[in-house]
Every structure is written in C-alpha cells, then in structure tokens.
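Please open the structure in your viewer and keep the selection tool at hand. This tour moves from one selection to the next and says what is found at each stop.

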Amino acid sequence: QPVVGVLALQGDVAEHLQAFERLGVPARTVRGPRELAAVDGLVLPGGESTTMTRLLETFELFEPLRQRLREGMPAYGSCAGMVLLADSVLDDRTDVEGSPGVRTLGALDVVVRRNAFGRQVDSFEAELDVAGIEGPPMHAVFIRAPIVEKTGADVAVLAEVRGRPVRGSAEGDGTGTIVAVRQGPVLATAFHPELANGDDRVHRLFVRMIRDNDDGRAREATPARAE
Ligand code: GLN
C-alpha cells in the first residue's frame, strides 16, 4: 500500500486526508523534508499559492520538493496546488509571465493563469466530464480557480469547461477552457474534488497513478510477477 503525503503548510489539508481515509489509503501530512522523503506521492492542496510559496521556503521544502518531482514522484495539485506545479504562471490581469509572490515547481509543462474566472464569477460549480474518471460527471467546485492557458506536447487535457473566462480575450465563446491535466505522474485540477461531497474518484485515480509509478519506490514491497 503506497503512502500518500498531503502538503500541510496551508489550505484544505484535512479534506484531502479525509478522502484518502475514506479510500482506506494511508495518508499523512508533510511539513518538512524528512516527511517528504517518507511518502510515495504528494497532494498539493487548494489554498493560496502565494502563502504556500512563502511557507515552502520558510520550511526549507521548496528545493527538496522540486528535486523529488524531478525524480518522478507522483503529485496531484488542486487549485493553488495546480498553480504551484506549473512551469509558469500568469497573473489574473496581465500576460506578463510570473505572478508576484508565486514560485512554481516546474513539474507540469503548462502555463497557468491565476484567479482566471475573475471577480464576477469568483466561485462556481459545474458538472464536468473528466477523462480517466468513470461514471457520471464530477461535481466540480471552483473557488478563485486558475485555468491552464497553454499545454506542452506531453500534457494530456482531462477536462474543459465551455467558454472562455479570461478578460480581454478575443478568442470567442465556445472554446474550451482547460481545467484538468495530466503529464506522466503529475495530475492537476483547477477545481476541488476534496470538497465534492465524498466523491473520491480523482483521489482514487491519483492512488492508481502512485501504484503504477515506476520510480520504484511504491513497488518495492510488491513481488515481481512472473509472466
Ligand atoms: N486563487 C488561489 C491561488 O492562486 C487559489 C484558490 C484555491 O486554491 N481555491 O493560489
């Protein structure tokens, strides 16, 4: 059974822990490098990416985390977590790269725009089909959510909402706005499945990704299958 870590510097940590508890998967909080070294995969929760940036640096976790991601540790970021995992971030109003106070980990080849739905629709909920998630659409909760503006060639788009929320965009209606992506062992959603009434399908997908991961750590205890 892999051990899942939840980055516990700020944000909706408890809700993620509860999701893994419901799934019967051991999960623990990660606040420092030693705790990070002991997990097979890490959730970066929703919250505030500027605050988490500052705390990652204070707790001397930024570099160790970047290193483990580089080595292929599975990670799942929801909302602020998606922002942190990105290669690059745009602020809500400008197309200048970088957002004051946010340092990204560069684990996902995407450009993310923070707070992209703007003030009028700060928060909303939608029924969303997510590739790789079986069954009925997910009830997706968006709270001051980011969007994915650009994806690299190795990034799979898992979900889109209709219409384009970004101010000043001339790209017209009806185009999809990307709100969930996966690149190898890294998964990110702009919404918060941990706030979706006990629908743990995204968390289950992430656990499967950790089990399938071939950095070796999660498999050490598994006897090799003879085929
Ligand atoms: N707007 C927040 C950020 O950019 C994310 C909000 C959230 O995680 N619900 O960090």
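Before selecting anything, colour the chain by pLDDT, which is the predictor's confidence in each residue, from 0 to 100. This is a predicted model, in which local features need pLDDT of at least 70 and side-chain atom pairs count only at pLDDT 80 or more, while totals for chains, interfaces and linings use all residues. Residues are numbered from 1 along each chain as its sequence is written.

**Confidence**

The protein chain has an average pLDDT of 88, and 87% of its residues score at least 70. Select residues 166–174, where pLDDT stays under 50 and the model has nine contacts beyond four places in sequence; two residues are in contact if their C-beta atoms, placed from the backbone, lie within 7 Å. Then select residues 218–227, where the pLDDT is also below 50 and the model has five contacts beyond near neighbours in sequence. Where pLDDT is low, the predicted coordinates should not be read in detail. For the complex, the predictor gives an ipTM of 0.96 and a pTM of 0.90.

**The whole chain**

Switch to a cartoon view, in which the protein chain comes to six helices and twelve strands, these being DSSP runs (helices H or I, at least four residues; strands E, at least two) numbered from the N terminus. Buried residues make up 42% of the 227 residues; a residue is buried if 20 or more other C-beta atoms lie within 10 Å of its own, exposed if 12 or fewer, and partly exposed in between, with C-beta atoms placed from the backbone.

**The annotated active site**

Now select Cys79, His192 and Glu194, which the unreviewed UniProt entry annotates as "active site". Although they are spread over 116 residues of sequence, they cluster in space, with a largest C-alpha distance of 10.8 Å. UniProt positions are given in the numbering used here, feature names are shortened, and annotations may be inferred rather than shown by experiment.

Zoom in on Cys79, in the loop between β4 (75–78) and α5 (80–85). Why does Cys79 count as buried? Cys79 counts as buried because it has 30 C-beta neighbours inside 10 Å. Leaving aside neighbours within four places in sequence, its contacts include Gly46, Ile143 and His192.

The "binding site" annotation of the unreviewed UniProt entry covers Gly47, Glu48, Ser49, Arg114, Ile143 and Arg144. These residues span 98 residues in sequence, yet no two of their C-alpha atoms are more than 12.9 Å apart, so they gather at one spot.

Select Ser49, in helix α3 (residues 49–58), which counts as buried because it has 31 C-beta neighbours inside 10 Å. Arg144, in the loop between β8 (138–143) and β9 (147–151), counts as partly exposed, because it has 18 such neighbours inside 10 Å. Beyond four places in sequence, Arg144 is in contact with Asn115, Asp122 and Ser123.
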